[in-house]
Amino acid sequence: MSKLDFSTVLAISIHDMKNSLNLLLGTLDELLETEMRRPSIEQERLALLRYEARRVNDTLIQLLALYRSLKGLYRPNFMPVQIYDLLEEYWLNNKVLMDYRGVECHMICDPDLAWVVDRYLVNCLLENVVNNTVRYTRRRMCMSARQSGDWLLLQVADDGPGFPAEMLGRQSFQEGAGFDPQQGRTGLGLYFCALVANMHGDERHKGFVELSNGGVLPGGCFTLHLPRLLPA
Amino acid sequence: MDTTLERKVVLIIDDFQNMRAQLSQMLESLGVKRKPDVAGTAEEALELLRSRHYDIVLCDYNLGEGMHGRHILDMARREGWVDVSTVFIMVTAENSAEMVMGALESGPDAYLAKPITKELLNSRVLKGLKRRSPMIPVAQALRQGDTRQALMLLDTMLETGRGERTDILRLKAELALDSGALELAEEVCEAVIREHPVAWAFTALGQIATKRRELPRAEGFLRQAIVVAPQYMPAHDHLAAVLELQGRSRDALEVLQGAVGRSWRSVLRQRRLGWIAMQMREWALACSAWQQVVELGRPTAEARAEDCFNLACSWLEMGELARAAGVLEEMDEVAASDPLLRWWAMAGRLRMAVHVQDDKEPALDALDGLMLRSIPPAEVRQALVDILRRLGEVTRAEVMRQQFQD
């Protein structure tokens, strides 16, 4: 290897760590499934472990994506993606945890709906949003996507307590809003989502992220708005 | 439990032993009865794919040692080891930007990003099988070389509504094109485009026009394909070929450079670029293209001695003697199984002698020795004639040229 820059080192390390996390998460899923068949107080702790492991996983991906994008090393790859598959992936990847928490997930999306997106970036975004929603919802969550004119609206809604008032509305990625390490909340996740949305766009329209309460379900609702793009 | 998976023959390709075990275990819990075959390296994978037909292949995208799942898939499809009835699922460490989704060209049926869950694996495998299973009889006919039977089966499927319509039409167009039934292929593509403009159909029309020697028309179709889906690489490759046929090497070079910029992990594309770059005397570009051919082709034994020779020649044109010598030294290892190895090694030594005069006489002696034992193969002759001329051995060159003229 001739050019070993930091991005490469980071990518290799993350690749490595993700292999380990993959095994960790797989094993946790198995344990959780076994535990669910008998009443045990360990379940809650396992579920928490799983949530945290997934968070580490998500943060690693974000870190890499952010680093690459800030250094101008990431070249987005816009192409048509089957949105149903994209959503289903996050539903099924979190199904064990959902089943454990007794969360019912609904998907509302035309199986033929395709949209030009950067799959990698939108995946990273969903990973983040879904993991959080599964944690904070009560009984139900709903993942939906539909086309509205020249925009794709992708929503993840829950019946949890909803977002605090100060977080509502359109999310800007310029100001470092919401960074509050004291609260254990760095806001990195939301910043990342807004950045991903913003990267989807042309001179006229840019994608954006909006938080609201009380949509299809009474709790919080995350909406990603993406304009129609040409494949590039 | 669902019995769909019970009798499926599965191959798992991953360089990480724990991952192989985990996937294997997941499949077992999903109902796969026969223990999956496993491969830890590209070589093992290709060996297994060659030796038997798999229903399902799970392949890690990043196999280490410069070997990528994409490369295995391309090669296996080209050789027919992975056919229209095989479900091929790519496993990736991250939701990589290099993923090109399955609906397109020769991509996999699905990508699975780690961490993988049983539920998602199940859903993707079943979805793949649902799409691929109706194609099993077609694949069997094709394995026996019976294109007519395959086409008949596809027509029956269209009539009865079995299988995915777009897949069937696409395969029908491909088979018609390959067997020279240009009218039929054209008819299918035009019908598809009327419903929905897709890149593969425009590309096929471009290929049909090329076969009919209607080159400007072919160029038009291929450019349309690229507008519809810029990431559809076959359109770029065919466009470059059409431009070359029109004698527009400079344009072809540009198209290939763009294509390599999008998707560089293709030995064939890099080799084409190498040839045109040499022809245009763009030596830096030629060096990088041949370097890629050698590196990418090495693990799969696709790299040839001639590729090393071309790389060495390009380095020499850049004045990089030491690098050229290094490439020639490695030729034995890179292209160990190439039957033309000793001839290209000979050509390489003579080409070096153009710059290293001391070795000129010994190299010529070696050539004579080699020619006493065998005739220079057709592929190497022109290169040898050119080099002999450059060495000032005009008579030898002329003898070589005339002696072996067909």
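Tutor: Two strands are said to pair if DSSP finds at least two bridges between them, and helices (H or I, at least four residues) and strands (E, at least two) are DSSP runs, numbered from the N terminus. The model is predicted: local features need pLDDT of at least 70, side-chain atom pairs count only at pLDDT 80 or more, and totals for chains, interfaces and linings use all residues. Residues are numbered from 1 along each chain as its sequence is written, while chains are lettered from A and ligands numbered from 1 in the order in which they are written.

Student: How many helices and strands are there in chain B?
Tutor: Chain B has 406 residues, of which 48% count as buried; a residue is buried if 20 or more other C-beta atoms, placed from the backbone, lie within 10 Å of its own, exposed if 12 or fewer, and partly exposed in between. Its C-alpha trace spans about 75 × 50 × 35 Å along the principal axes. The secondary structure of chain B comprises 20 helices and five strands.

Student: What distance separates the centres of domain 1 and domain 2 of chain B?
Tutor: The domain assignment, whose bounds come from an automatic or database source, places domain 1 of chain B at 10-133 and domain 2 at 309-406. Taken over C-alpha atoms, the centres of these two domains of chain B lie apart by 42 Å.

Student: Which residue of strand 4 of chain B stands opposite B:Cys59?
Tutor: Strand 1 (residues 10-13) and strand 3 (residues 56-60) of chain B pair in the parallel sense over four bridges, and B:Ile13 stands opposite B:Cys59. Strand 3 of chain B also pairs with strand 4 of chain B, again in the parallel sense, over five bridges. In strand 4 of chain B, the residue opposite B:Cys59 is B:Met90.

Student: Which residue of strand 5 of chain B is the bridge partner of B:Met90?
Tutor: Strand 4 and strand 5 (residues 110-113) of chain B are parallel and share four bridges. In strand 5 of chain B, B:Met90 has as its partner B:Tyr111.

Student: Why is strand 4 of chain B described as largely enclosed by the rest of the structure, and how many of its residues are buried?
Tutor: On one side of strand 4 of chain B lie B:Val87, B:Ile89 and B:Val91, on the other B:Phe88, B:Met90 and B:Thr92, and all are buried. Strand 4 (residues 87-92) of chain B is therefore largely enclosed, the buried count for its six residues being six.

Student: Which elements are included in what covers the buried residues of helix 13 of chain B?
Tutor: Helix 13 of chain B has 13 residues and reaches 18 Å from its first C-alpha to its last, close to the 18 Å expected at 1.5 Å a residue; the expected span is 1.5 Å times one less than the number of residues. Its buried residues include B:Arg269, B:Leu273 and B:Ile276. The cover over the buried residues of helix 13 of chain B includes helix 11 (233-245), helix 12 (249-262), helix 14 and helix 15 (305-317) of chain B.

Student: Which residues touch the most other members of the largest nonpolar core?
Tutor: A nonpolar core is a set of buried Ala, Val, Leu, Ile, Met, Phe, Trp, Tyr and Cys residues joined through C-beta atoms within 7 Å. Of the 91 residues in the largest such core, those touching the most other members are B:Ala225, B:Cys308 and B:Ala312.

Student: How many residues of chain A are in contact with chain B?
Tutor: Residues are in contact if their C-beta atoms, placed from the backbone, lie within 7 Å. Chain B gives 23 residues to these contacts, and the number from chain A is 26.

Key:
Contact = placed C-beta atoms within 7 Å.
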